[in-house]
Amino acid sequence: MSADQQDRTEATYRELRHEMVRTQLQMQGIKKREVLEAMREVPRDRFIPESLRSLAYTDQPLPIGYGATISQPYIVALMTELLDVKPWHKVLEIGTGSGYQAAILALLAGEIYSMEIVPELADHAKRDLEQAGYGKVMVRHGDGYQGWPEQAPFHRIIVTAAPPSIPQALVDQLAPAGRLVAPEGAVSSDQVLVVLDKREDGKVQRRTSIPVRFVPMTPRQ
């Protein structure tokens with residue numbers, strides 16, 4: 001592809017991103033300005049297989065290999081909005097997948113640590129994040145059920161695959177006044193998006209958002 005063709009392609013994708021924000025996110029109730037700006041900026045097309053790039057800005061999950069998917073843009077935006085990330089926050093993501101959610105978070109938080117159970121996905125995501133300009137994200141291959149204790153505590157934790165219940169290790173690694181957002185539930189039953197807030201005294205308050213469907217969160221064997 002020539003430089004001129006590449007410029008035209010990137011301009012087309014940029015227009016599609018802006019349209020995605022208007023028609024898929026704002027019309028479905030996403031309101032936080034910083035979340036909308038991040039969704040406008042991060043090129044989702046860079047985090048999916050080349051054969052699927054024509055579908056990059058449709059509001060649907062897409063397969064990325066190894067039984068994993070990239071979540072639909074609305075769910076990425078909703079979880080990011082619920083997480084309520086501030087620029088000084090240290091964030092842990094469980095389930096790097098394509099790296100797209102981590103790239104969104106990289107525009108909002110101070111430090112991003114992301115774990116992925118599938119080594120090939122971890123390698124691909126690290127490469128794609130670096131090539132797209134989000135090299136500040138620290139990607140690690142490992143068991144998300146154990147979290148990243150060496151870097152704890154975290155102001156925010158986001159989980160992008162569904163455990164049957166929220167792992168206690170992740171709750172323990174959440175800082176006081178911290179927040180965790182995750183899908184919860186078995187694949188064969190209803191899943192729901194859960195928000196946990198840890199109070200300054202360590203007690204945890206739980207609320208639920210919307211029904212969701214995520215791939216299962218699998219532990220290392």
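1. Start with glutamine 146. Leaving aside neighbours within four places in sequence, glutamine 146 is in contact with Ala169 and Gln173. Contact means heavy atoms within 4.5 Å. Glutamine 146 sits in the loop between β5 and β6. Its C-alpha is 8.7 Å from that of glutamine 168, and the two are 22 residues apart in sequence. Helices (H or I, at least four residues) and strands (E, at least two) are DSSP runs, numbered from the N terminus.

2. A word on the source. This is a predicted model, in which local features need pLDDT of at least 70, side-chain atom pairs count only at pLDDT 80 or more, and totals for chains, interfaces and linings use all residues. Residues are numbered from 1 along each chain as its sequence is written, and side-chain values use heavy atoms, with hydrogens and water left out.

3. Proline 153 lies in the loop between β5 and β6. The peptide bond from alanine 152 to proline 153 is cis, with omega near 5 degrees. Most peptide bonds are trans, and most residues other than glycine have a negative phi.

4. Now the sheet. Seven strands form an open sheet in the order β5-β4-β3-β6-β7-β8-β9, with mixed pairing. Two strands pair if DSSP finds at least two bridges between them. The edge strands are β5 (138–141) and β9, and each pairs on one side only. Direction ignored, neighbouring strands of this sheet are turned by 15 degrees against each other on average. Axes here are lines fitted to C-alpha atoms, for helices over the stretch in contact, and angles run from 0 to 180 degrees between N-to-C directions.

5. Which strands pair in the parallel sense with β6 over four bridges? β3 and β6 share four bridges in the parallel sense. Another is β7 (residues 174–184), which also pairs in parallel with β6 (residues 154–159) over four bridges. There, phenylalanine 154 stands opposite leucine 174 in β7.

6. Next come the antiparallel pairs. Six bridges join β7 to β8. In that pair, glutamate 184 stands opposite valine 192 in β8. Strand β8 (residues 191–198) runs antiparallel to β9 (residues 204–212), with seven bridges between them. Aspartate 197 stands opposite glutamine 205 in β9. The β8 and β9 hairpin has five residues between the strands, and glycine 202 in this hairpin takes a positive phi near 90 degrees.

7. Check strand β7 again. Nine of its eleven residues are buried. Buried means under 20% relative accessible area, exposed over 50%, and partly exposed in between (1.4 Å probe, protein chains only). Alanine 177 is found in this strand. Its phi is near 70 degrees, a positive value in a residue other than glycine. Alanine 177 is partly exposed, with a relative accessible area of 47%.

8. Helix α3 is mostly covered. How many of its eleven residues are buried? Eleven are. Among them are Pro73, Tyr74, Ile75 and Val76. Just after α3, aspartate 84 takes a positive phi of about 55 degrees. Aspartate 84 is not a glycine. It lies in the loop between α3 and β3. Aspartate 84 is buried, with a relative accessible area of 18%.

9. Helix α5 (residues 119–131) lies across β4 and β5. It runs at about 165 degrees to β5.

10. One cavity of 30 Å³ or more turns up in a search of the whole structure. On a 1 Å grid over the protein atoms alone, a cavity is a set of points where a 1.4 Å probe fits but cannot get out, and a pocket is an open set with protein on both sides within 12 Å along at least five of seven lines; lining residues have an atom within 4 Å of a point. Grid points are joined across faces, edges and corners, and a volume is the space filled by probe spheres set on the points. The largest cavity has a volume of about 30 Å³. Its lining includes Lys32, Glu34, Thr80 and Asp84.

11. Finally, the largest pocket. It holds about 470 Å³ of space. Of its 32 lining residues, Gly95, Glu116, Thr160, Ala161 and Val215 lie nearest its centre. β2 gives the most to this lining, with three residues.
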